[in-house]
Amino acid sequence: MSNDYESTQLRWLGILSVLEATTLVLLVAVAVPLKHIAGWNVAVHVMGPVHGLAFLGYCWAAIQAIAEGGWSRSEAVRLFATAFIPFAGFANARFIARKSAALRTRAVQ
C-alpha cells in the first residue's frame with residue numbers, strides 16, 4: 001500500500017486508541033461506581049455499548065494496520081494489550097504517532 005494510506009490508517013488507529021481509552025476510563029471510573037454506589041444503572045447501560053463500539057473499532061483498525069506489515073510480534077501484542085488497561089491507550093497513541101513518524105521518515109529517504 002502507499003505511504004499516504006498507511007499514514008492515514010495509523011492516524012485513525014491513534015484516534016481510535018484515545019477514544020477507546022477514554023470510554024474505558026469513563027466506564028470503569030465513572031459509570032461502574034455510579035451503578036454500585038448511587039444505584040444509577042443508566043450510566044453503565046449507556047457507557048457499556050459506547051465503549052464496546054469504540055473497542056471494536058479500535059480492534060478493527062489494529063488488525064488492518066498489523067495486516068499491512070511492518071509490525072513486530074511484540075508491537076502487535078502491545079496494540080491489543082493496551083485496549084484492556086485503563087489509561088494505556090493514551091500512551092499507545094504516542095507509540096502509534098512515533099510509528100507514523102518513522103513511516104514518514106522512511107518515505108522521505
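A nonpolar core is a set of buried Ala, Val, Leu, Ile, Met, Phe, Trp, Tyr and Cys residues joined through side-chain atoms within 4.5 Å. Buried means under 20% relative accessible area, exposed over 50%, and partly exposed in between (1.4 Å probe, protein chains only). The model is predicted: local features need pLDDT of at least 70, side-chain atom pairs count only at pLDDT 80 or more, and totals for chains, interfaces and linings use all residues. Residues are numbered from 1 along each chain as its sequence is written, and side-chain values use heavy atoms, with hydrogens and water left out.

**View 1. The largest nonpolar core has 13 residues.** L10, L13, Y58, W71, L79, F95 and I96 have the most contacts inside this core. Two or more residues come from each of α1 (3-38), α2 (42-68) and α4 (88-108). The top contributor is α2, with four residues. Helices are DSSP runs (H or I, at least four residues; strands are E, at least two), numbered from the N terminus. In soluble globular proteins, nonpolar side chains tend to be buried together.

**View 2. I96 and its contacts.** I96 touches L10, L13, G14, S17 and L79. Residues up to four places away in sequence are not counted. Contact means heavy atoms within 4.5 Å.

**View 3. N92 is a buried residue of α4.** The relative accessible area of N92 is 0%. N92 touches S17, Y58, R78, L79 and T82, again leaving out residues up to four places away in sequence.

View 4. Rings of Phe, Tyr and Trp (its six-membered ring) pair if their centres lie within 6.5 Å; planes under 30 degrees apart count as stacked, over 60 as edge-to-face and the rest as tilted. F55 and F84 are edge-to-face, 5.4 Å centre to centre with 65 degrees between the planes. F55 sits in helix α2 and F84 in the loop between α3 (73-81) and α4, 29 residues apart. F84 is exposed, at 61% relative accessible area. W71 and F95 also form an edge-to-face pair, because their centres are 6.2 Å apart and their planes lie at 65 degrees. This pair joins the loop between α2 and α3 (W71) to helix α4 (F95), 24 residues apart. Both W71 and F95 are buried.

**View 5. A nonpolar surface patch holds W40, V42, V46 and V50.** Together they have about 350 Å² of accessible area. V46 lies in helix α2 and is partly exposed, at 47% relative accessibility.

How values were computed. Patches are made of residues with over 30% relative accessible area and no salt bridge: like charges are joined within 9 Å, nonpolar side chains (Val, Leu, Ile, Met, Phe, Trp, Tyr) within 5 Å. Accessible areas come from the Shrake-Rupley method with a 1.4 Å probe; for residues, only the protein chains shown count as cover. A salt bridge is a side-chain nitrogen of Lys or Arg within 4 Å of a carboxyl oxygen of Asp or Glu.
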